[in-house]
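Please consult the sequence and the coordinates alongside the text.

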Amino acid sequence: MNNAASHQNPGLGMAFILLGVLAITVNDMLFKFLSGDYPLHQMVFTRSAIGLVFSLLMVHFEGGLQILKTDRVGLHVIRVLMIVIANMTFFAALAALPLGEATALFFVAPLMITLLGVPILGEKVGPLRIGAVVAGLIGVIIMTRPWAAAAERNAPVIIYLLPVVAALTYALNQILTRKLGYTSKASAMAVYIQVTFLLTGILFWLAVGDGRYAEGLENESLVFLLRAWTMPEGRDIGLFIWLGLNSAIIGYTLAQAYRLADAATIAPFEYAGLPIAIFWGWVIWGDLPGPVMMIGIGLILGSGLFVFIRENAKNRRLAGNRRVHRRY
């Protein structure tokens, strides 16, 4: 049995990805909720400082500090840089876009994961699933409304591109997680990410933490990036603590999910984050997608469901073949 096969547990991987997706939507909702009063780098630093504590506790239970050692430093560095870029670009978009729209744009990521799993991981994706991915991409394009006039948009076109950049770097991060997961524990990979976010927050604070570059700016995303640090008070303290705990949950569950199952198997489950994000947007900000957005959502969710069904059918056929050829 090869190293990859020994880690296969698709059912548990699906459970972890669903928990991780729920935690991500809560994280995004909190970031958008707090974006009007605090800078992005302060939120990233505080979240990661708290999240690191919980991640180190997970390290303790998964084998101790020795599991943090790795002989694949280069790949881990690339992986954490990808997730930092993904987070910073997506959160910057959240300050200017409705939560549902930003999430919809980001949902090109599971499609990219399915496609990138072929050349990078050698995973097999048949023509029907490729067709479903194309349909999902069409849905994402519909939701971006490239034909809309500037007056009909919630933000400049460049802001709409931020979640797409986030999607690409997130997809690369998850593919590398799958590649590294055969030799690294989920808690160790979560610690690497939290430390990188801490360093990113510190560098931003040293460069722009006094808020001088935000003066006179009107672009909400830039203001969110460059605003001065502010000490949280009252209810916001609890929200910052929850951001930290949630960060640890996200890092651990996503790393576990992509360690335990093929990318093409669990990536479609990330689509569950789209209706959840729309729900948060409706409950908290009163934002609901219009008819055009609903068409895009239908295509994305439909393609994800089709990919999932095809994957299950393929797994059943492989299981049947193994039962017939037990002598091998």
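The structure is a predicted model. Its chain contains 13 helices and 0 strands. Within it, by the rule applied, there is 1 cavity of 30 Å³ or more.

**Overall fold**

- Read along the sequence, the elements follow the pattern α-α-α-α-α-α-α-α-α-α-α-α-α.
- The radius of gyration of the chain is 20 Å, close to the 20 Å that the globule rule gives for 328 residues, so the chain is as compact as a globular protein of that length.
- Along its principal axes, the C-alpha trace spans about 70 × 50 × 30 Å.

**Burial and surface**

- Of the 328 residues of the chain, 52% count as buried.
- The chain exposes about 15000 Å², and carbon and sulfur atoms supply 70% of that area.

**The largest cavity**

- The space in the largest cavity amounts to about 450 Å³.
- Its lining comprises 29 residues, of which I24, N87, Y170, I250 and L254 are the closest to the centre of the cavity.
- Two or more lining residues come from each of α1 (10-34), α3 (73-94), α4 (99-106), α7 (157-180), α8, α10 (235-260) and α12 (273-285).
- Helix α3 gives the most to this lining, with 6 residues.
- By class, the lining of the largest cavity holds 15 nonpolar, 10 polar and 4 charged residues.

**Position T200**

- T200 is placed in helix α8, which covers residues 186-208; α8 is also one of the elements that give two or more residues to the lining of the largest cavity.
- Is T200 buried or exposed? The relative accessibility of T200 is 14%, and the cut-off for buried is under 20%, so T200 counts as buried.
- Leaving aside residues up to four places away in sequence, T200 touches V84 and M88.

How values were computed. Residues are numbered from 1 along each chain as its sequence is written. This is a predicted model: local features need pLDDT of at least 70, side-chain atom pairs count only at pLDDT 80 or more; totals for chains, interfaces and linings use all residues. Side-chain values use heavy atoms; hydrogens and water are left out. Helices (H or I, at least four residues) and strands (E, at least two) are DSSP runs, numbered from the N terminus. Buried means under 20% relative accessible area, exposed over 50%, partly exposed in between (1.4 Å probe, protein chains only). Contact means heavy atoms within 4.5 Å. On a 1 Å grid over the protein atoms alone, a cavity is a set of points where a 1.4 Å probe fits but cannot get out, and a pocket is an open set with protein on both sides within 12 Å along at least five of seven lines; lining residues have an atom within 4 Å of a point. Grid points are joined across faces, edges and corners, and a volume is the space filled by probe spheres set on the points. Ala, Val, Leu, Ile, Met, Phe, Trp, Tyr, Cys and Pro count as nonpolar, Asp, Glu, Lys and Arg as charged, and the others, Gly among them, as polar. The radius of gyration is taken over C-alpha atoms; the globule rule is 2.2 Å times the number of residues to the power 0.38. Accessible areas come from the Shrake-Rupley method with a 1.4 Å probe; for residues, only the protein chains shown count as cover.
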